[in-house]
Structure formats: structure tokens, C-alpha cells
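Terms are given with their cut-offs where they come up.

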Amino acid sequence: MTTQRKTKEKPVTHVSEVEELSKKNSSTPETKKIVTHVSETKKKTLAELLDLIKKKRTILIASIKNLPASQFQEIGKKLRGKAIVKVPKKNLMFMALDKSGNETAKKLQEQIKSDFAILFSDLDAFDLAAELVKGKIPAKAKPGQISPEDIEIQPGPTSLMPGPAVSDLGAAGIKIEIKEGKIHIKEGKKVVKAGQKVSQAAADIMSKLDIKPFSIGFVPIAAFDAKEGKIYLDIKINRDETVKALKEAYSKALAFAVEIAYTSKDTIKFLIGKAGMQERAIERLLSNTSDAHKLKISGTTESNDSMGNKSGEEK
């Protein structure tokens with residue numbers, strides 16, 4: 001018969017040992033502190049973003065959705081010396097804005113979605129947005145794209161040789177003729193209306209004719225101006241439309257200024273011309289009045305003479 005020897009437990013003599021033993025025997029697992037590891041690269045990027053936020057006047061958020069990498073690089077080159085372009089991860093940009101301590105700048109977080117780039121610049125927010133508009137690149141139409149305006153095939157020569165393109169253009173209702181061995185568009189044809197989707201046929205025709213009706217680039221969404229302490233939303237810059245609107249406004253303002261006889265370097269020549277016209281009109285009026293008065297006097301005299309002669313004859 002074998003006998004089992006009992007192992008005596010070592011007596012606990014220190015409080016620390018009691019705590020350690022209680023942790024081991026406790027049915028509740030010990031809560032461990034989770035330490036998040038941040039790579040040196042992320043720390044460096046965060047520090048760089050924070051530095052740019054504090055030093056640059058303008059922080060602009062732009063959409064780069066559907067922008068090919070080659071075009072992104074090309075636009076980036078055009079912006080050298082004017083803006084620093086960054087495409088950070090959203091959480092890093094949020095962290096940088098939080099650490100900046102600028103409560104207004106933090107509101108940019110609401111505008112940061114997917115497919116975005118951040119531009120830092122010393123330019124005014126609208127000047128920077130205008131640079132982005134200038135930097136847009138012509139792009140071919142893709143099937144399914146919605147056209148913001150009418151797309152029309154203009155009449156004139158093309159580089160296309162007679163062949164399958166003749167039937168393709170004819171199927172789209174485009175009238176053509178052959179001149180000097182090349183296809184010429186005889187009459188203009190609207191292939192896509194504003195607000196409509198580009199069809200596969202229309203996209204193919206425009207591709208054949210090397211027509212690029214759209215433009216791609218950075219699309220300004222929002223900007224923070226540190227100098228003004230303001231955030232600007234829906235930044236839309238259209239130079240052509242703005243120039244057109246300014247010309248119309250100037251024309252209307254000039255006409256109104258001349259009408260109320262407002263004197264300035266822009267209106268003085270028109271006011272002098274207007275005064276000359278009014279002078280000639282008054283002269284004609286006075287001349288006509290004088291002639292009428294003379295005619296009236298003459299008619300009265302003749303009438304009196306006639307009456308006098310008639311009276312003499314009666315006597």
C-alpha cells in the first residue's frame with residue numbers, strides 16, 4: 001500500500017504575495033491596459049501636418065474622386081511653389097486638426113470624406129481654388145457620365161479616313177462629306193443634352209473625333225483661411241462665367257450712370273455725347289418753332305391784306 005505525501009503550502013508572509021496570489025486565484029480576469037503602437041512614419045506625418053496647419057494661411061480640402069494617378073501627378077507639378085499637396089489618412093488628419101488647438105479649423109473634419117487631398121498654401125482660399133480650376137485637364141467622355149451642358153459636334157475637317165467611321169457617324173445622324181481623302185463634318189450635331197447621360201454611341205464618336213468635352217482635376221470642397229479665421233464652403237470658381245457676369249454688370253451700371261448723369265472717367269465721354277445730341281435736338285426744336293412762328297405771322301399778314309383789299313373793293 002502506497003502512501004501519498006502531502007505537499008505543504010508555503011506560508012504567505014508578505015502583503016504583496018497575498019495580492020499576487022489573489023489575482024491568480026481570482027475568477028475575474030485582470031484588466032490589462034492596451035497600448036496602441038504608433039509607427040515612426042505616422043508620428044512623422046502627424047508632426048508634418050500639424051506644422052503645416054500652424055504655419056500656412058490656407059488649408060483647402062479637394063475631392064480627387066475618379067482622378068487617375070498620372071493626372072494627379074501632373075496637377076501636383078503645376079501647383080509647385082503655390083501649394084503643398086498631401087493625401088493623408090483621414091484619422092491622421094483628424095488627429096492633426098485636434099492637436100492644432102484651432103476650434104474653427106477643426107470644423108474642416110465635417111467636410112473630409114473619401115478620396116480627398118489636403119492643400120496647404122500661403123495664397124488666399126479663392127486664389128488657390130482658382131489655381132485648381134486652371135489646372136484642370138481635358139478628359140474624354142465616358143458612357144454613363146452626366147453632362148453639365150450640351151455637347152455638340154462642330155462642323156469642319158477631321159483627321160478620320162473614310163471607312164467604318166462613315167457608317168458610325170451616319171448612324172448618329174451626323175452629316176459628312178469626303179474632302180481631300182478625309183471626313184469633314186458638314187453640319188453641327190448635338191450628341192448629348194445638358195443633364196443627360198452620355199450614351200455608348202456618343203462616347204465612341206467623340207473618342208474617334210478626339211473630342212474631350214469634360215475636364216478633370218482637384219475639385220475644391222472647403223477651405224479654412226487662418227488670416228480671416230473663416231471656413232468657406234462650396235467654393236466654385238468659373239472664370240468664364242464670372243467675366244461674362246462682370247461685363248454684363250458693367251454694361252448695365254454704365255448705362256444707368258449715364259442716365260442719371262453720374263460723372264466719372266468712364267461716363268464723361270458718353271455724357272458729352274449725350275449733351276451734344278440734346279443740344280442738336282433743342283436747336284431743331286427751336287428752329288422748327290421759329291419757322292412755324294414766322295409762317296403764322298406771314299399767314300396773318302396775308303390774311304389782313306386780303307381782307308383790306310376786299311374791303312376797298314366793296315367801297
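Two strands are taken as paired if DSSP finds at least two bridges between them. Helices (H or I, at least four residues) and strands (E, at least two) are DSSP runs, numbered from the N terminus. This is a predicted model, in which local features need pLDDT of at least 70 and side-chain atom pairs count only at pLDDT 80 or more, while totals for chains, interfaces and linings use all residues. Residues are numbered from 1 along each chain as its sequence is written, and side-chain values use heavy atoms, with hydrogens and water left out.

**Sheet β6-β8-β7**

- An open sheet is formed by three strands in the order β6-β8-β7, with antiparallel pairing.
- Its edge strands, each pairing on one side only, are β6 (156-157) and β7 (176-179).
- Strand β8 (residues 182-185) runs antiparallel to β6 and is joined to β6 by two bridges.
- P157 stands opposite H184 of β8.
- Helix α7 (residues 164-171) lies across β7 and β8, at about 15 degrees to β8; axes are lines fitted to C-alpha atoms, for helices over the stretch in contact (heavy atoms within 4.5 Å), and angles run from 0 to 180 degrees between N-to-C directions.

**Site E103**

- E103 belongs to helix α5 (residues 103-106).
- E103 has 51% relative accessibility and counts as exposed (buried is under 20% relative accessible area, exposed over 50%, partly exposed in between, with a 1.4 Å probe and protein chains only).
- The side chains of E103 and K106 make a polar contact at 3.1 Å (a pair of N or O atoms within 3.5 Å; within protein, one must be able to donate a hydrogen and the other to accept it, and residues adjacent in sequence count only if both atoms are side-chain atoms).

**Aromatic pairs**

- The structure holds two aromatic pairs (rings of Phe, Tyr and Trp, the last by its six-membered ring, with centres within 6.5 Å; planes under 30 degrees apart count as stacked, over 60 as edge-to-face and the rest as tilted).
- The F72 and F218 rings have centres 5.4 Å apart and planes at 35 degrees, so this pair is tilted.
- F72 lies in helix α3 (residues 69-78) and F218 in the loop between β10 (214-216) and β11 (219-225), so the pair ties together parts 146 residues apart in sequence.
- F72 is partly exposed at 24% relative accessible area, whereas F218 is buried at 1%.
- The F126 and Y232 rings have centres 5.1 Å apart and planes at 65 degrees, so this pair is edge-to-face.
- F126 lies in helix α6 (residues 125-134) and Y232 in strand β12 (residues 230-233), so the pair ties together parts 106 residues apart in sequence.
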